Structure formats: structure tokens, C-alpha cells
Amino acid sequence: MKISELDNVKSQGTSMDRINVLPDEGVSRFDGMDILSVKQFKHRDLDIIFDVARDMREMVDRQGAVDILKGKLLSNLFYEPSTRTSSSFAAATQRLGGNVIQINNVTFSSVSKGEELRDTIRSMGSYSDAIVLRHPDEGSADIAAEVSEKPIINAGDGIGEHPTQALLDIFTIVEELGTIDGLTVTMLGDLKYGRTVHSLAKLLALYDVKLNFVAPDLLKAPTALVDSLIESGVGPCKHVDLDSIISETDVLYVTRVQQERFVDQSVYEKVNRSYAVNVDTMDIAKERMIVMHPLPRVDEISRAVDKDPRAAYFRQMEYGMYVRMALLALVFGKV
Amino acid sequence: MKISELDNVKSQGTSMDRINVLPDEGVSRFDGMDILSVKQFKHRDLDIIFDVARDMREMVDRQGAVDILKGKLLSNLFYEPSTRTSSSFAAATQRLGGNVIQINNVTFSSVSKGEELRDTIRSMGSYSDAIVLRHPDEGSADIAAEVSEKPIINAGDGIGEHPTQALLDIFTIVEELGTIDGLTVTMLGDLKYGRTVHSLAKLLALYDVKLNFVAPDLLKAPTALVDSLIESGVGPCKHVDLDSIISETDVLYVTRVQQERFVDQSVYEKVNRSYAVNVDTMDIAKERMIVMHPLPRVDEISRAVDKDPRAAYFRQMEYGMYVRMALLALVFGKV
Amino acid sequence: MKISELDNVKSQGTSMDRINVLPDEGVSRFDGMDILSVKQFKHRDLDIIFDVARDMREMVDRQGAVDILKGKLLSNLFYEPSTRTSSSFAAATQRLGGNVIQINNVTFSSVSKGEELRDTIRSMGSYSDAIVLRHPDEGSADIAAEVSEKPIINAGDGIGEHPTQALLDIFTIVEELGTIDGLTVTMLGDLKYGRTVHSLAKLLALYDVKLNFVAPDLLKAPTALVDSLIESGVGPCKHVDLDSIISETDVLYVTRVQQERFVDQSVYEKVNRSYAVNVDTMDIAKERMIVMHPLPRVDEISRAVDKDPRAAYFRQMEYGMYVRMALLALVFGKV
């Protein structure tokens with residue numbers, strides 16, 4: 001099943017195109033759905049997910065866990081390590097009363113990787129009721145969804161998509177600042193290779209935001225992305241200096257600059273220093289704004305900033321668990 | 001405790017030989033039993049296991065999980081990786097309401113391996129109520145059972161045994177074709193080193209089957225195995241060409257030919273090509289037959305065959321979970 | 001929060017010093033507490049922990065598990081492998097009805113280790129309700145506790161502390177011999193680098209014991225430790241020969257001598273042989289005494305000793321699970 005089949009309602013075993021009627025159905029639209037790309041979601045879908053995520057937060061505060069996924073088994077299939085994402089899904093599933101099969105190292109045979117993935121997905125699908133997949137190769141989640149009889153949740157496929165990260169990013173903004181419409185969002189760091197910012201930018205295009213990019217020349221956002229964002233009606237959307245934009249910024253979204261991208265290490269050092277967020281940056285930032293980061297960080301954000309109440313990156317992780325709980329509950333048809 | 005003590009009923013703490021009376025006791029025979037070898041099982045035992053496995057399948061279809069192993073803790077102790085087998089036991093335990101301690105990498109000290117295994121088994125036995133063991137060395141499961149106060153389930157010990165695989169293979173045949181008696185089973189691939197086919201062949205000897213072997217010269221079934229099978233009364237039991245037997249075959253059991261077995265890689269390539277099952281093979285096969293494979297596969301079975309309803313290898317994995325659920329329920333005395 | 005703030009009652013969000021009133025509060029003192037060092041515990045605390053551990057043992061015997069940690073999620077965060085300790089905490093949590101997120105390999109970025117740990121702890125704290133930490137660097141547990149909003153349980157930090165091991169060692173002695181006061185405890189092996197014996201010795205100082213050390217010259221207990229023990233009023237506390245003390249010893253605590261400590265391997269071989277506990281040692285030992293070992297062992301204790309009822313090292317592991325269950329129940333305020 002492909003991304004384009006937005007209503008792939010696997011649990012109901014139907015493949016007829018119900019895309020036109022789906023918006024009216026609300027939560028039932030998610031039942032059995034693969035979560036592969038941010039492109040699947042409309043504004044109204046996000047409202048539904050965030051409403052459920054808010055309920056989840058309240059529930060966790062009150063009682064820690066519920067039993068709505070009792071009897072459900074989730075495969076947490078990680079072809080590359082990611083402590084945070086993997087733990088977040090494991091926590092989300094268990095707080096909903098479901099169980100997890102954690103797979104950190106798939107036993108490879110000397111088979112072409114795509115074929116191995118297909119067989120592994122079908123194998124895990126015979127044991128479990130849904131599969132969370134993290135894979136180094138772009139397009140892997142789509143391949144998995146094609147062969148799987150159980151819902152696939154893309155937890156990052158190489159330079160491709162990481163839709164649950166983008167959803168939790170939006171949820172963080174809404175919860176922290178009360179709204180997204182009207183905000184100025186500034187993205188800082190590696191805007192060329194970072195799938196996180198690409199996915200987030202696409203989702204932000206569903207809202208009325210001004211988008212600014214701050215990146216070293218080597219790591220500027222791809223022209224194709226910028227063009228498509230402008231077409232979507234997102235505000236100015238241009239590359240600027242951090243100094244010129246920080247005092248207007250409501251959301252400063254920082255990403256890691258990977259040392260491996262630079263042939264000349266002195267260039268890397270210089271970039272790293274000049275794009276770091278520190279106490280001085282926060283001094284000229286608005287009083288009511290937030291700094292976000294998908295983590296892990298190296299030194300893009302100085303540790304001294306952690307104590308600033310505007311530093312939202314650890315709260316962002318917690319919001320992530322609630323969003324993933326919401327998605328799981330929706331995909332399993334338990335809302 | 002040794003394999004030969006078929007009635008090692010650990011939970012009752014007795015070692016007296018009750019082999020003659022056990023068949024009359026039905027399910028209670030399994031209570032606290034180690035599952036070490038296919039040699040432990042008689043025809044009537046398989047009937048019991050498969051009856052319970054059928055109940056498990058129905059239960060999973062209906063409600064996903066039950067609570068009969070609530071309060072039970074299983075150690076899933078894997079000295080070598082096996083995503084499928086490990087996940088299958090984890091799923092089986094959790095669908096029965098039990099919990100799993102997953103151990104993928106035992107911390108080795110510079111001790112002789114047998115001694116380390118003994119200590120680890122006794123350690124895990126102090127925490128958990130049963131131990132699933134996968135180990136690269138033949139005989140490891142027997143060593144574990146000797147020192148363990150808790151039931152040991154052999155999940156593969158080197159070129160030794162893999163009894164739960166053989167049980168799930170038989171269950172697959174029964175469920176897919178309704179019976180085993182009277183069938184023609186053809187085993188294809190590496191019949192020399194593959195423990196899977198050896199264990200399966202021994203269990204098939206409990207039934208009235210015709211057994212055929214198809215293998216390259218280097219990987220023919222050992223004479224000792226063939227002789228003991230003929231002695232057991234299994235049908236013709238000889239090496240043949242696939243072409244000559246495929247149209248009479250009810251069960252085509254394919255195994256992987258490991259590249260490492262061949263010094264001359266051109267021989268490997270040739271073998272691999274000439275023994276592959278593809279759409280042409282399926283064209284001359286019976287209409288009502290199944291193709292099985294313990295997985296993972298490389299290219300012994302062409303991907304085009306996956307769509308054929310006679311391709312049973314993914315369903316085989318699912319049957320595996322039900323058989324393991326049945327064994328766990330029986331060993332814990334919960335049937 | 002530092003070790004010295006013995007009453008760091010995180011769950012109540014207070015930092016005022018209540019150390020003087022706490023002893024009267026009994027179990028409530030443990031609610032939300034970090035378990036970082038043996039120095040936190042007074043005699044009365046041990047009594048409480050052991051009372052609860054005894055209840056846990058009875059409960060496990062009777063029904064395997066309870067639901068008192070239902071809805072609670074524990075992160076089992078292991079920066080270095082330790083099958084036994086990790087499994088013990090996983091078993092303890094699950095037998096109390098809680099769930100576990102197991103993390104064996106933290107994804108490192110090229111960040112300074114201390115900073116990475118801080119971020120990981122805060123991340124795991126957003127998903128889970130408590131964190132068990134094993135880390136190769138001394139002081140790591142303190143760093144974790146400083147930044148964590150959730151209780152930290154130190155499961156070994158390099159050559160630092162391993163408080164739950166020391167607690168289970170004491171519990172083993174009490175359960176096996178009925179008391180600690182009046183006993184002669186002899187520690188054998190690596191008394192220089194072994195954090196296990198250092199932590200245990202400090203806890204023993206809360207009781208009226210005679211402490212003897214038996215170690216090769218290279219691995220003698222540090223003078224600072226010996227001095228502080230003598231100051232605490234622990235009995236003779238001197239280095240002796242095993243032969244001269246074995247017949248008076250009530251508890252023989254054996255530890256592993258690590259080959260890596262010796263430049264000259266012939267010295268290692270000689271030390272290893274002369275300090276090994278074997279059947280001859282047991283022949284001259286008291287009839288009512290126990291041999292303990294934190295495991296894993298190499299050949300400090302001959303396998304032939306395993307059958308001796310005085311060999312308590314496997315029972316010691318089981319006591320460990322009950323002590324960890326008790327600590328978890330207390331830290332979560334569920335006693």
C-alpha cells in the first residue's frame with residue numbers, strides 16, 4: 001500500500017478509495033492506518049491527534065497507565081539505534097496497556113536489503129499487531145507498508161521521513177504557546193540533510209506561519225523545499241542571519257550540524273561556533289518564545305540555556321510520548 | 001537431567017521413572033517438563049500440543065491475549081541472534097499474560113563456556129520461572145537442563161536440535177492439509193547440516209509419510225539419518241531429482257544452502273540456481289500442496305512464489321507462535 | 001541533588017532538610033528517594049528494607065507477582081553490560097506489576113560523556129517513573145541524580161558504588177544465618193579494586209562484626225578503607241591467611257581476581273591458585289557458615305563446591321531480586 005492511499009484501513013481489509021468521505025468520519029479514519037509520511041495529514045487530522053494526546057497527558061498524570069491496548073502487541077523494529085525514539089514508543093505502548101517486542105539487531109542473511117526487510121516485516125506481522133520501523137534507507141517504510149498486513153508506523157527512514165517527530169514538534173508548539181497561527185518559526189542548523197526540519201516544515205505549511213531559515217552555506221535548505229513551502233503559502237521563508245531574526249522569533253528550532261558533513265574540520269568548528277545558541281542569544285530573544293531541538297544535541301545549544309524556562313527541548317520529549325500514545329490508540333481504533 | 005529421562009517433571013521435584021504411566025496422564029505429563037529434543041514426543045503428545053495450539057489460535061483471533069501466565073516470568077536467553085525465534089517466544093509469552101526478560105548478549109568472563117552457561121542458567125533461574133535457550137554449541141540445552149531448577153526450552157543448540165521448530169512444522173502441515181498420514185514430503189536444500197530437517201524428519205517418522213530428499217551431492221542427508229528413518233518405517237526415503245518428484249509432492253520443505261559450506265563459489269552459484277523454487281516449479285506442482293521454509297531465506301524460493309496461495313512459509317511463522325503458546329501453557333501446567 | 005542530602009524526597013518536590021525527623025517516619029522516608037550509595041542507610045533503614053524483602057519473597061512463592069507498581073514504568077539504563085544486575089531489576093519490576101524499558105546501548109554522539117549522560121537521563125525521565133543506571137564512570141549516579149526529576153537507582157558506577165549489591169549481600173547473611181551481629185566475615189580476593197567489597201564493608205560497619213581480609217599483596221584493601229572501618233568499630237579488620245581464619249569464619253565472601261590487574265601472568269596464575277576456594281577449604285570450614293560471591297565467577301570457587309549446602313551464591317542472587325523489589329516498592333511509595 002502506498003503513501004498516496006491515505007485511507008489504507010488495513011484492519012477493515014478494504015482498499016476502496018474513501019478519501020472524499022473520510023474527513024467526516026473523524027477518528028475512525030485512523031483505524032488500521034499506516035503512519036508513513038507527514039503528507040498523510042490534514043489540519044483536521046492534527047486537531048484530532050492533539051485532542052487525544054491531551055487526554056493521554058491527563059491520564060498519565062492521574063494514573064500512569066490504562067488498559068486500552070490490553071492484548072495488543074507492538075513490534076519495535078530498529079535497524080539503526082535510536083534510544084530516544086525507541087524508548088518513546090515502548091513507553092507509549094506500555095502506558096496504554098499493550099506489550100512490546102523490542103528488536104534492536106535484525107539477523108541479516110546475505111540477501112538484498114529490500115528483500116530481507118520484506119520478509120522480516122511479514123514475519124513480525126505474524127506475531128504482532130502493529131510494527132514501528134526505524135531503518136537507515138529512505139523509502140523503507142513504504143516498502144514495509146506494501147507487504148504488511150499490520151499497520152506500519154515510520155519511526156524514521158534515512159533521509160526520508162520521521163512523521164511522528166514532526167507531529168510531536170507541532171504539538172509542543174501548540175501546548176507551549178497556545179497556538180501556531182501567526183507565529184514566526186526560525187529553523188537553525190543543518191537544513192539540507194535534516195529530515196526532521198523537512199517534515200516539520202511541511203506540516204507547518206498547514207498553518208499560517210512565517211518561516212525563517214538560518215544555516216551555513218553548505219547546509220542551506222534545498223531550493224525544492226523552499227519553493228514548495230512558498231507555494232503552500234508559508235510566510236517569507238528565506239535564509240537570514242540569526243541576529244536579525246531572533247528578537248521576532250516565537251519558535252527557535254535548532255538541529256545538530258553533523259561533523260561528517262564537512263571535509264575541512266576548521267570550517268566545521270567555525271560553523272559550530274557561529275550557529276550555537278547560548279545565554280547571549282536568549283538575552284535578545286522574546287520573553288515569550290521557546291527553543292526546541294529534536295535531540296540528541298552536541299553543543300548547538302549551550303548547557304547554560306537548559307535552566308531558561310524557554311528551553312522546551314526536554315518537555316518536547318515528554319509531549320512526544322503523548323503524541324505517540326495518541327497515534328497508537330487511534331491506529332488500533334481504541335479512541 | 002538428561003534427554004532420556006522423558007518425564008523430568010521438575011515442578012514436582014521427582015525423578016522416579018514414570019514413563020510407562022505417563023501417556024495416560026495427558027496434559028499433566030508436560031507440567032514442568034524440559035523441552036530439549038523431538039525424541040521426547042510420541043504421537044499422542046503431538047495431538048495434545050496441537051489441540052492446545054488450535055485453542056490458542058482461536059483465542060488470539062478473538063481477544064489477542066489472556067492472563068493464564070499472569071505472574072510468570074520467562075527468560076529469553078539468546079547466545080546467538082535469532083530475531084524470529086526470539087520474537088516468537090516473546091510474543092507467545094506476552095499473549096499468555098506472562099512477562100519476558102530478554103537477554104541478547106550474555107556478559108562473558110574468561111571462563112570455559114560450559115561453566116559460564118551453567119552459572120548463567122542458575123542465575124536466570126533465580127529470577128524467572130522458565131528459560132528459553134538458544135546457544136551455538138550442540139548439547140547446550142542438555143547442560144542447561146542438568147543444572148536448572150526451572151524448565152528449559154531448547155530454542156536451537158548449534159547443529160543439535162530445534163524441537164519447537166519441528167513441532168511448528170508438523171502443526172503447519174496438519175492445519176494446512178488436514179492430515180499428515182498418507183502425504184509425500186519432499187525436503188530440499190541443505191540436508192546434511194540443517195538441524196531443522198533432521199528434527200522434522202524424526203517427528204515425521206511418527207506418521208505414515210513418504211519422505212524424499214533433494215540435495216546437491218555435498219549436502220546430502222547423512223546415511224545414519226536415512227537408515228534410522230527407513231527403520232522407523234518412513235516411506236521410500238531416498239535422494240531424487242526435484243523434477244521427478246514435484247508433481248507428487250504434498251509438502252515441499254525448502255531450506256537455505258549456506259554459502260560458507262562451499263570452497264568453490266562457482267559450485268555454490270550453480271547449486272543455488274539449480275535448486276531454487278520458482279514460478280516454473282509451482283506450475284508443475286500439485287494444486288493442493290504447500291511450500292514451507294523455516295526462514296530466513298536467501299533466494300532458495302523466488303519472491304514471485306510469495307503470492308501463490310500454496311506458499312505457506314509466512315503462515316508457518318504464525319503457526320509457530322500458537323505452538324509455542326501451547327508449549328508454554330503446558331509446561332507451566334496451565335491447560 | 002547530592003548523596004549528602006539523604007532525604008531527597010523528589011516526589012514531594014521539597015528540598016528542606018528533614019534529616020532529623022525522618023527516622024520517625026519509617027517507610028515514607030524512602031518515597032521518591034534516589035538510591036546512590038550505601039552511606040545513605042542507617043541500621044533502621046536496613047531493617048525496613050529487609051522486612052519488605054521478606055514480604056516480597058513470600059509473595060513470589062505464593063503468587064509470582066502483584067500489581068502494586070501497575071502503571072509505573074522503569075528505565076533500565078545500562079551503559080555497560082551486566083546480564084545479572086539488569087535481569088534482576090527487570091524481574092523485580094515485572095513481579096511488582098510494573099513495566100520496563102530496557103536500554104543496553106545508548107546512542108552516543110561525539111559529546112563529552114557527562115553532558116550526554118545528563119541529556120539521556122532527562123530524556124528517559126520524561127518517559128519513565130524511575131531510572132536504574134549502570135555506568136562505567138565513578139560519580140555517574142550522582143550526576144544523574146542532580147539533573148533527574150525521577151528517582152535514580154545506582155546499579156554500579158565504575159569503581160564507585162553498587163549499593164543494591166551491598167544491601168542484598170547483607171540480606172543474604174541475615175536470611176541464611178539469622179543474624180549479623182557477632183559474626184566473623186572474611187573477604188577474599190581483590191579487595192583493592194572491588195567496589196562490591198568496599199560497599200559491603202561499609203554496611204557491615206553498622207553491625208557488630210569481626211572483619212578479616214585475605215588478599216594477595218597487589219590487591220590488598222586500601223589503607224583508607226581499613227582505617228575508616230576500624231574507626232567505625234568493626235572488629236579486628238586485618239589482612240590474614242585464609243588457612244588461619246577459615247575455621248572461625250561465618251561468612252566467606254569471595255570476589256573475582258581480574259587477570260587484567262597483573263602485568264606478569266605467572267603471578268596471576270599463582271595468585272589464582274593460592275586463593276581459590278575448593279572442597280579442601282570447605283572441609284576445614286565451620287559446619288554452619290556460608291560462602292558468598294557476587295558472580296560472575298571464573299575459578300575463584302571450584303565447581304565442586306556448588307553442591308555444598310553452604311554454597312550460598314546462587315541463593316544470594318534470588319535474595320537480590322527480593323531486595324530490589326523491596327527498594328522499588330519503597331521508592332515508589334507503595335509499601
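**A strand and its surroundings**

Modeller: Let's start with strand β2 (residues 99-103) of chain C: 5 of its 5 residues are buried, so the strand is largely enclosed by the rest of the structure. This is a predicted model, in which local features need pLDDT of at least 70 and side-chain atom pairs count only at pLDDT 80 or more, while totals for chains, interfaces and linings use all residues. Residues are numbered from 1 along each chain as its sequence is written, and chains are lettered from A and ligands numbered from 1 in the order in which they are written.

Helices (H or I, at least four residues) and strands (E, at least two) are DSSP runs, numbered from the N terminus.

In a regular strand the side chains alternate between the two faces of the sheet. In β2(C), Asn99(C), Ile101(C) and Ile103(C) point one way, with Val100(C) and Gln102(C) pointing the other way, and all are buried.

Now for the partner strand. β1 (residues 73-78) of chain C runs parallel to β2(C), and 5 bridges join them; two strands pair if DSSP finds at least two bridges between them. Opposite Asn99(C) in β2(C) stands Leu73(C). Together with helix α3 (residues 83-95) of chain C, β1(C) and β2(C) make a right-handed β-α-β unit (with the strands pointing away from the viewer, the path from the first strand over the helix to the second runs clockwise).

Chain C also has an open sheet of 5 strands, in the order β7-β6-β5-β8-β9, with parallel pairing. At its edges stand β7 (238-239) and β9 (290-292) of chain C, each with a single partner strand, so one side of each is left without a neighbour in the sheet. That partner for β9(C) can be followed closely: strand β8 (residues 251-254) of chain C pairs with β9(C) over 3 bridges in the parallel sense, and Val251(C) has Ile290(C) as its bridge partner in β9(C).

Next, the neighbouring chain. The contact between chains B and C takes 24 residues from each of them, where two residues are in contact if their C-beta atoms, placed from the backbone, lie within 7 Å. On the side of chain B that touches chain C, the elements giving two or more residues are β2 (99-103) and α3 (113-127) of chain B. α3(B) gives the most, with 8 residues.

Chain A can be superposed on chain C by a rotation of 120 degrees with 0.0 Å of shift along its axis (RMSD 0.0 Å), using least squares on the C-alpha atoms of residues with pLDDT of at least 70 in both. The two copies are thus related as by a three-fold rotation axis. They use different surfaces, though: 4% of the contact residues of chain A recur in chain C.

Finally, a few words on chain A as a whole. Chain A holds 12 helices and 9 strands, and 52% of its 335 residues count as buried. Its C-alpha atoms fill a box of roughly 55 × 45 × 40 Å, taken along the principal axes. In helix α7 (residues 195-204) of chain A, 9 of the 10 residues are buried, so this helix is largely enclosed by the rest of the structure. What covers those buried residues includes α6 (163-177) and β5 (184-188) of chain A.

How values were computed: Buried ≥ 20, exposed ≤ 12 C-beta atoms within 10 Å, placed from the backbone.
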